[in-house]
Amino acid sequence: MKTVSTFLSLEAPGPRVRVWLDGAPLHLPRGANLAAALLGAGVNTFRGTACSGAPRAPYCMMGACFDCMIEVEGETRQACLLEVAEGMRLTRPGAPGDA
Amino acid sequence: MHETDLAVIGSGPAGMAAAAEAAGLGLRVALFDDQPRPGGQAYRDVDRVGPMRGAVLGPDFVEGRRLTAALDDPRISHLGGAGVWAIEPGFTICYSQAGEARLLRARRVLLATGALERPMPVPGWTLPGVMTAGAGQILLKQAGLVPRRSVLVGTGPLLYLFAVQMVRAGINPAALIETQTRGDLARALRHMGGLFGGWGYMTEGWRLLRVLQRAGVPRIVGAHEIAIEGEDRAEAVRFRRGGAQHRLPCDTVFLHHGVVPNPQAARSLGLDHRWEPRQQCFVPVCDAWGEAASAEGGVEGVFVAGDGAGIGGARAAELQGRLAALRIAEGLDRIGNEECDGRAKPLRRQLRRELAVRPFLDAAYPPFAEALRPDDTTMVCRCEEVTAGEIRRAAAQGCPGPNRLKGFLRAGMGPCQGRVCGLAVTQILAEATGQSPDETGYFHIRPPIKPLTLGALAALAETGEAAGTDKTAPGQGDAA
Amino acid sequence: MDSEYAIIGGGVVGLSVAWGLLLRGRRVTVIDGGDAALSASRGNFGLIWVQGKGLTEPRYARWTQRSAAAWGGFAADLALAAGRSVWVEQKGGYDIQFTEAGLETTAARYETLRAALGGDYPFEILDTAALRREEPAIGPRVAGAILHRQDGHADPLGLLAALSEAVRRAGGRVLTGRQVTGVTRNGAFRLTCADGTVLEAGKVVLAAGLGAARLGPAFGFRAPVRPQRGQVLITEKLPRLLNRPSVFARQVPEGGIQIGATNEEVGFDDGVTRSGLARLAADAVAAFPPLARVQLLRSWGALRVMSPDGLPIYQESAAMPGAYLVTCHSGITLAAAHARFLPDWLEGTDAAPNLEVFREDRFNLPVA
């Protein structure tokens with residue numbers, strides 16, 4: 001999955017590891033904040049809401065808004081509270097098929 | 001069950017300083033945070049920031065390392081990645097960590113859960129690409145990410161600081177769209193008398209504005225009718241200034257019009273709150289040490305420090321954390337009354353200085369009026385997708401407060417449990433019913449204040465860890 | 001006089017009665033509490049439940065069945081009247097059992113009741129395999145379930161909102177934030193509220209849930225109701241996982257799984273406890289193992305309104321004729337009966353249901 005991120009990285013990131021997003025491989029900096037790493041990789045939509053399916057992405061980055069919820073190994077988690085680990089399997093609940 | 005003397009919830013400046021102070025006085029401390037590493041939002045991930053990012057973020061940020069370094073004390077256990085989901089009177093801290101529900105008994109509890117961004121419901125604020133300014137700073141602090149094409153919208157010194165950090169990083173924001181007016185500034189100048197102590201903050205503020213001016217970052221002051229446009233993500237900010245309408249294309253919009261105490265833990269304990277008109281938010285009722293007033297049927301021995309007790313900023317939070325730790329140590333007979341007062345004296349003097357600038361800031365950068373009274377079509381509860389108009393209609397139909405509103409609209413019942421919309425819901429209802437915010441009240445908050453899996457909770461029943469407790473949370477009158 | 005009827009209590013019970021009376025052209029005022037008032041309606045588990053009710057009193061089983069049978073039509077009319085949908089699903093519900101013995105004992109009791117009801121009690125026993133065909137998420141520790149075809153569930157908050165809107169649209173007055181503190185009768189009833197509001201009405205229906213215990217004596221009722229706490233959990237929203245509701249768990253229309261409920265005698269404490277929440281979670285996970293990985297979102301405690309024998313109380317005051325006590329712990333199940341049949345009883349028409357068995361003097365308590 002290659003998309004231009006709306007963010008630039010200030011520093012050369014450290015070693016990357018492979019994770020899986022909706023079944024496709026993605027290489028993210030190991031140990032980085034998961035929500036930030038996904039944004040940095042050009043993942044602009046994290047999920048569609050359960051009510052209307054409207055697209056959402058991280059809003060507060062501090063564990064309050066729950067808009068960065070994503071499925072990690074089949075459990076709904078707040079991406080902004082997790083660190084990237086090798087082999088993570090991520091699924092975007094109800095998300096449209098964009099990157 | 002493990003036991004400790006003091007459980008500190010939140011490892012930002014207040015929590016870290018309190019933990020270090022308490023440990024220094026001989027107390028065993030458990031320091032909880034849902035982030036993996038200490039620092040809070042002010043000093044997010046400060047220990048992992050390299051020199052280049054440090055230079056961008058500035059000395060005030062890197063200063064946080066003093067606090068994280070002080071946690072290196074055998075009496076402090078830092079519990080990172082730990083979501084505290086219930087605080088039981090007495091006290092038992094229930095938290096989930098590594099997918100497990102765990103328990104810790106503590107003799108005292110200090111809530112250092114900090115601030116949340118004040119809800120800023122403007123049209124389009126739920127679109128991907130719209131974030132809080134705090135979120136933007138966290139991306140910069142924790143991941144070294146800078147937005148390519150961004151606009152900062154709202155009011156307050158944090159916007160200036162964040163914009164300057166972007167300038168230092170070499171990517172200017174497209175503009176600052178500010179909602180305060182020159183009239184606000186004029187009114188704020190009446191508070192100049194209190195500015196002796198706050199002078200450092202004032203000169204710092206001017207310095208930031210000079211940097212922005214030199215960098216050529218446009219500032220639009222007195223903007224209104226602000227809306228974010230876009231189909232599946234933010235594409236532009238539309239606003240009016242004077243008579244003219246403007247539209248600024250961008251990828252990322254950062255919203256900010258102040259921060260307010262994070263109420264979840266304090267509310268879940270049933271602590272008394274009162275409306276603070278100057279800061280336009282609820283604050284828990286505490287004494288000068290941060291000890292929460294014990295309401296009828298409420299819980300005793302809870303302390304609150306830092307922005308969670310009322311907004312004062314990172315340096316004030318640190319001082320409040322230390323003050324609370326002193327009082328807690330005194331209560332647990334680690335220090336005498338005189339020593340406690342003696343040590344507190346210089347802290348209080350510094351705290352007064354730190355807080356001196358607040359009346360000026362609150363008057364100069366008031367919350368954006370349109371976001372306090374959103375259009376009928378603007379979404380307020382992001383989780384359950386409830387609009388301001390629906391809330392007003394419920395009020396017209398006799399809905400007296402936020403807890404009844406859940407019955408009408410499900411507002412506040414989604415995953416965030418009202419963290420984002422709670423204050424906005426109270427203010428919209430208060431205006432619609434003609435009641436004060438105190439009369440209107442706030443969502444009842446119950447455990448779990450952080451989600452946990454049913455499997456983790458169920459495991460407590462299997463191990464018998466759950467037996468014999470009858471006090472996870474006090475009753476709050478309704479159920480929804 | 002302000003109203004022909006004053007209804008004290010704006011929960012599902014009071015509003016159902018109020019709406020029923022309004023449809024018959026009566027002038028009605030509902031007096032309700034404030035934002036923090038205790039409210040069983042807002043903590044409700046939402047079942048429309050027939051099985052297990054009236055095991056020792058078949059007339060209660062019948063009253064419940066009559067309401068359950070009327071629920072679909074009641075919901076459709078209410079939706080039309082309120083201009084908003086009223087969600088209900090009545091395709092049966094389970095009593096899930098973890099042991100063969102439990103399954104057999106329950107089935108035997110249901111057989112007895114079925115005989116007493118002349119055969120109108122449509123339940124069947126599902127063994128594990130049969131249950132798994134209906135509910136693929138069921139776990140290996142479950143021995144089976146009783147499927148009762150007359151059971152179902154509703155959305156209690158949606159029902160409450162629809163009732164309050166329908167009452168308003170039908171011309172009913174709803175006064176919120178009021179607490180009735182006194183009553184006098186001189187021809188009409190004269191109710192005074194804590195905030196100074198005074199209301200006159202020809203008849204009064206006391207449908208104040210647990211508040212009836214406090215107010216009842218002023219009307220000549222003993223109103224022997226006590227709180228019984230039920231703790232309830234609800235999870236994040238999920239794709240369809242459960243087909244039918246059970247007393248353990250049901251999937252609400254928005255997708256969350258609601259898990260309940262404890263039965264605790266703890267007075268007016270409507271808090272939640274770790275032991276209660278953990279026990280509920282453990283039972284739910286045992287019944288439906290996929291729930292183990294699901295996030296718990298909210299929990300709450302609510303207070304059931306219980307009479308000594310668990311049955312409703314419908315009683316006209318002997319001391320103050322024209323005052324009626326209406327209370328039950330199954331306000332959702334009985335909502336249809338309260339809207340459609342109870343007004344006949346209040347109005348004394350020929351169609352009035354026989355509610356003798358629900359008189360409060362069955363408790364042989366001295367009337368104050």
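Predicted model: local features only at pLDDT ≥ 70, side-chain atom pairs only at ≥ 80, totals over all residues.

Trainee: Where do the bounds of the domains in chain C fall?

Mentor: The domain assignment puts domain 1 of chain C at 3-78 + 156-224 + 309-363, domain 2 at 93-149 and domain 3 at 226-306. Taken over C-alpha atoms, the centres of domain 1 and domain 3 of chain C are 27 Å apart.

Trainee: What area is buried between domain 1 of chain C and domain 3 of chain C?

Mentor: Read the area together with the atoms that supply it. Domain 1 and domain 3 of chain C bury about 1400 Å² between them, and carbon and sulfur atoms give 73% of that. On the side of domain 1 of chain C, C:F45, C:L210 and C:H329 supply 44% of the area buried against domain 3, more than any other three residues. In contact terms, 16 residues of domain 1 of chain C meet 20 residues of domain 3 of chain C.

Trainee: Now for a domain pair in chain B. How many salt bridges are counted between domain 1 of chain B and domain 2 of chain B?

Mentor: The count is 0 salt bridges between domain 1 and domain 2 of chain B. Polar contacts are a separate count, and across this interface the rule finds 8 residue pairs, both partners at pLDDT 80 or more. Helix α2 (residues 51-57) of chain B gives the most to the domain 1 side, with 4 residues. By class, that side of domain 1 of chain B holds 6 nonpolar, 3 polar and 4 charged residues.

Trainee: Which residues of domain 1 of chain B lose the most area to domain 2 of chain B?

Mentor: Start with the total: domain 1 and domain 2 of chain B bury about 1100 Å², 51% of it from carbon and sulfur atoms. B:R53, B:V56 and B:L57 lose the most area in domain 1 of chain B, together 46% of what that side buries.

Trainee: Next, the chain interfaces. Which elements give two or more residues to the side of chain C that touches chain B?

Mentor: The elements you ask for are α5 (156-169), β13 (226-237), α7 (274-287) and β16 (295-306) of chain C. The side of chain C that touches chain B has 20 nonpolar, 13 polar and 14 charged residues. A salt bridge joins the side chains of B:R404 and C:D32, at 2.7 Å from N to O.

Trainee: In which sense do strand β1 of chain A and β9(B) pair, parallel or antiparallel?

Mentor: Strand β1 (residues 7-9) of chain A and β9(B) pair in the antiparallel sense, over 3 bridges. A:S9 stands opposite B:L145 in that pairing.

Trainee: What else is found between chain B and chain A?

Mentor: Chain B and chain A bury about 3700 Å², of which carbon and sulfur atoms give 60%. The rule finds 4 salt bridges across the interface of chain B and chain A. A:E83 and B:R37 form a salt bridge, with the closest N and O atoms 2.9 Å apart. Across the interface of chain B and chain A, 16 residue pairs are in polar contact, both partners at pLDDT 80 or more. α5(B) gives the largest share of the side of chain B that touches chain A, 6 residues.

Note on methods: Residues numbered from 1 in each chain as written. Chains lettered and ligands numbered in written order. Heavy atoms only, no water. Domains from an automatic or database assignment. Contact = heavy atoms within 4.5 Å. Buried area = accessible area lost by both parts, 1.4 Å probe. Nonpolar A, V, L, I, M, F, W, Y, C, P; charged D, E, K, R; others polar. Polar contact = N/O pair within 3.5 Å; in protein donor to acceptor, adjacent residues only side chain to side chain. Pairing = 2+ DSSP bridges.
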